[in-house]
Amino acid sequence: MEKVFSPKLFSVLKKGYSKKMFQTDLMSGIIVGIVALPLAIAFAVASGVTPDKGLVTAIVAGFLISFLGGSRVQIGGPTGAFIVVVAGIVHQYGMSGLLISTVLAGIMLVIFGLLKFGSVIKFIPHPLVVGFTSGIALTIFTTQIKDGFGLSISGELPSDFIGKWGAYFANFSSINWTAFAITLATIVISLFFKKISQKIPGSFVAIVITTIVVSVFDLDVTTIGSVFGEIPSSFSIDFPEIELAGISNYIQPAITIALLGAIESLLSAVVADGMIGGNHRSNTELIAQGIANIASPIFGGIPATGAIARTATNVKNGGRTPVAGIVHAITLLLIMLFFGKYAKLIPMSCLAGVLMVVSYNMSEWRSFVSITKGSKYDTVILIVTFLLTVLVDLTIAIEVGMVMACLLFMQRMSKQCEILTVTEGTDPLENYSFLPKGIDVYEISGPFFFGAAKKYRETLRGLANAHRVKVLVIRMRHVPFMDSTGVNNFGAVIDEIHAVNVKIVLSGVNESVRSELERSGLADKLDKLNICSNFDIAKVRAVEVLNEINGNEFSK
């Protein structure tokens, strides 16, 4: 039995770690660290916090996720999925509110892992994940229009999607063509540099080139320095002040961070498993993510989770153990300590270009289109989640999406639940011809749960009243379980059928269903002899019950 907390790093080291493995992990970690540099800065800036907080998150959380995590190759840090959430929390509660929310989210993630929720989170519907991911991608793209076009907008930019686009169109005449050219150059380099080199990320090259060009030619564009000032080349421990009286204000944002972090990290781990043919430990991963999110705010960082793109880069460059992720964090630390002061020269329009590419890669438009061509139920979940993410709020989108997914699933399940009349010839493996008149056989197909309980009750009641039968044999071989609503409705059916002097014999009852019948007292109401494990026994029992009824009627 798998332990709740068992970090992959310790398992790898216990089995043996060779010099060749270290060399491969070392190179992969350095490359991933370079890949993570522009993304960490860009995600922080887009989230409404200073660039150094993105670097701190990638270093602290990235190290802990690799050191304590349940995946061999997971790379952790700030991700695009958190941009919308973090920006919203900072806008409403300030930086201190974000730090408190992140710590609470970390505690929740640890609890999720200890309660073994790792496998449960995997059941979140794919259309819902694609819906909010695509919505986040569009939102990220929208937030970068101002810097990408170098627009001059007086006052604070509206926080809502429609308001932002209204402000963009109203101020489009103020476009800075130099900034726009830098944005286009960044996008082109980011997308096409991989044809020149698979090792060095295009986004990193774009930042280096555009920063040098802007500095040398003193171009009139905003930079990180002109917006945020100096970038610290160090970080310190700073415990966020938590006032217990106001802790309830941060519960909802903390839940959003925790759920999103859990979904993203486990989704990334599953993708990584497919790439390396491995198996991650989901509960260990959740605990590690929780610890990372508790620690990150203490050092001034923001929420972190598993990053699919950086994890994939790690795998493609040969990383096969958590050591690669640790090297990635150390690489970023060295860059921050020795080269962090130069980050202030990076043009904001370049970061906008990097994030536009990120939003495109996040959009999953192929999956989006594919889902809309399939089931109408999945399409509804996808579209509603997408629109709520863009127009309302990510938290509401996930909550409504989950409720809709559950309701639509129950509706679909209830449609699959049927009561069939069993007649001669419908089942070639069974012989019904010897059953005497007065015995009818019906079959329930599907779970006897609350979504279908009323349907079963009405159908069974109608069968007993419509036909002059004395014994009703109900085959339940395709009923995997009964819930409390199903038991309650079945009990009412038994009373109604017994009231018209019809007896019930059950066939093919599995252990789960039998235990529910016994626990609820329905087994005694039916007579335990009338609950049969297979149809051969049920046929014999039905004839016996019929003879008893006929004998009683004859004696009268």
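How many residues apart do arginine 541 and glutamate 544 lie in helix α24? The two residues are 3 residues apart, about one turn of the helix. An α-helix has 3.6 residues a turn, so residues three or four places apart point the same way. The analysis rests on a predicted model, in which local features require pLDDT of at least 70 and side-chain atom pairs count only at pLDDT 80 or more, while totals for chains, interfaces and linings use all residues. Residues are numbered from 1 along each chain as its sequence is written, and side-chain values use heavy atoms, with hydrogens and water left out.

Helices here are DSSP runs (H or I, at least four residues), numbered from the N terminus. A salt bridge is defined as a side-chain nitrogen of Lys or Arg within 4 Å of a carboxyl oxygen of Asp or Glu, and a search of the whole structure on this criterion finds 8 of them. Aspartate 527 belongs to the loop between α23 (522-526) and α24, whereas arginine 541 is in helix α24 (residues 535-555), 14 residues apart. Asp527, Arg541, Glu544 and Glu548 are linked in a network of salt bridges.

Burial is assigned from relative accessible area (buried under 20%, exposed over 50%, partly exposed in between; 1.4 Å probe, protein chains only). Arginine 541 is buried at 11%, whereas aspartate 527, at 33%, is partly exposed, as is glutamate 544, at 39%. Asparagine 530, found in the loop between α23 and α24, is buried, with a relative accessibility of 5%. Its side chain makes a polar contact with the side chain of arginine 541 at 2.6 Å and reaches the backbone oxygen of leucine 526 at 2.9 Å; a polar contact is a pair of N or O atoms within 3.5 Å, of which, within protein, one must be able to donate a hydrogen and the other to accept it, and residues adjacent in sequence count only if both atoms are side-chain atoms. Not counting residues up to four places away in sequence, asparagine 530 touches Ile504, Val505, Leu506, Arg541 and Val545, contact meaning heavy atoms within 4.5 Å.

A further salt bridge joins the side chains of glutamate 230 and lysine 344 (2.7 Å, N to O). This pair links distant parts of the chain, 114 residues apart, with glutamate 230 in the loop between α11 (224-228) and α12 (251-276) and lysine 344 in the loop between α15 (322-339) and α16. Glutamate 230 is exposed at 55%, and lysine 344 is partly exposed at 25%.

Helix α9 (residues 177-192) comprises 16 residues. Asparagine 176 caps its N-terminal end, a side-chain oxygen lying 3.0 Å from the backbone nitrogen of threonine 178. The buried residues of α9 are Ala179, Ile182, Thr183, Thr186, Ile189 and Ser190. Viewed down the axis of α9, these residues fall within an arc of 135° (taken over the directions from the helix axis to the C-beta atoms), so they line one face of the helix. Their cover includes α7 (145-149), α10 (202-217) and α16 (348-362).

Methods: The expected span of a helix is 1.5 Å times one less than its number of residues.
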